[in-house]
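The sequence and the model come first.

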Amino acid sequence: PPGMTVDELRAFVLGLPGAVEAGHHGRPDFRHGGRIVVNLDEDDRTVTIKLSGDEQAALVARDDGAFTLPGGWARHGWTTISLDRADPDELRELIAQAWAEAQERRRP
């Protein structure tokens, strides 16, 4: 069944290479090399990560309530994902992909 707890999310993200938990605008985030990769809203039970434009469009088009656009940041690929509605395996895959892309951007 869909759904991931905040504790499961935190354990998964902190298990990724170079992961550090910090804060942004009073909410926890997870960073690689000082750059935010995952924003967590514990009250709304959502995360926001950066995806490619095509992937973002495809996920939002499913219209299943798991994926929404966070205002102006959406045009940069940032996509909000419901911890309650998203498939946990898909969520882990998307976060791992965003993490790998963040690692690539850090390489000289």
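In which loop is the place of Asp64? I found Asp64 in the loop between helix 2 (53-61) and strand 5 (67-68), where helices (H or I, at least four residues) and strands (E, at least two) are DSSP runs numbered from the N terminus.

I note for the record that this is a predicted model, in which local features need pLDDT of at least 70 and side-chain atom pairs count only at pLDDT 80 or more, while totals for chains, interfaces and linings use all residues. Residues are numbered from 1 along each chain as its sequence is written, and side-chain values use heavy atoms, with hydrogens and water left out.

Staying with Asp64, I read a relative accessible area of 37%, so I list Asp64 as partly exposed (buried is under 20%, exposed over 50%, partly exposed in between, with a 1.4 Å probe and protein chains only). The side chain of Asp64 reaches the backbone nitrogen of Ala66 at 2.9 Å, and the C-alpha atoms of Asp64 and Asp87 are separated by 11 Å, although the two are 23 residues apart along the chain.

Next I looked up the sheet, which is open and has six strands in the order 1-2-3-4-6-5 with antiparallel pairing; two strands pair if DSSP finds at least two bridges between them. Strand 1 (19-24) and strand 5 stand at the edges with a single partner strand each, so one side of each is left without a neighbour in the sheet. Strand 3 and strand 4 pair in the antiparallel sense over four bridges, and Val38 stands opposite Ile49 in strand 4.

I then turned to the salt bridges (a side-chain nitrogen of Lys or Arg within 4 Å of a carboxyl oxygen of Asp or Glu), of which the structure holds eight. One of them joins Glu21 to Arg10, with the closest N and O atoms 2.9 Å apart; because Glu21 lies in strand 1 and Arg10 in helix 1 (residues 6-14), the pair ties together parts that are 11 residues apart in sequence. Glu21 is partly exposed at 34% relative accessibility, whereas Arg10 is buried at 18%, and Arg10, Glu21 and Glu42 are linked in a network of salt bridges.

Asp84 forms another with Arg45, the closest N and O atoms being 2.7 Å apart. Asp84 lies in the loop between strand 6 (78-82) and helix 3 (88-106) and Arg45 in the loop between strand 3 and strand 4, so the pair ties together parts that are 39 residues apart in sequence.

Technical notes:
A polar contact is a pair of N or O atoms within 3.5 Å; within protein, one must be able to donate a hydrogen and the other to accept it, and residues adjacent in sequence count only if both atoms are side-chain atoms.
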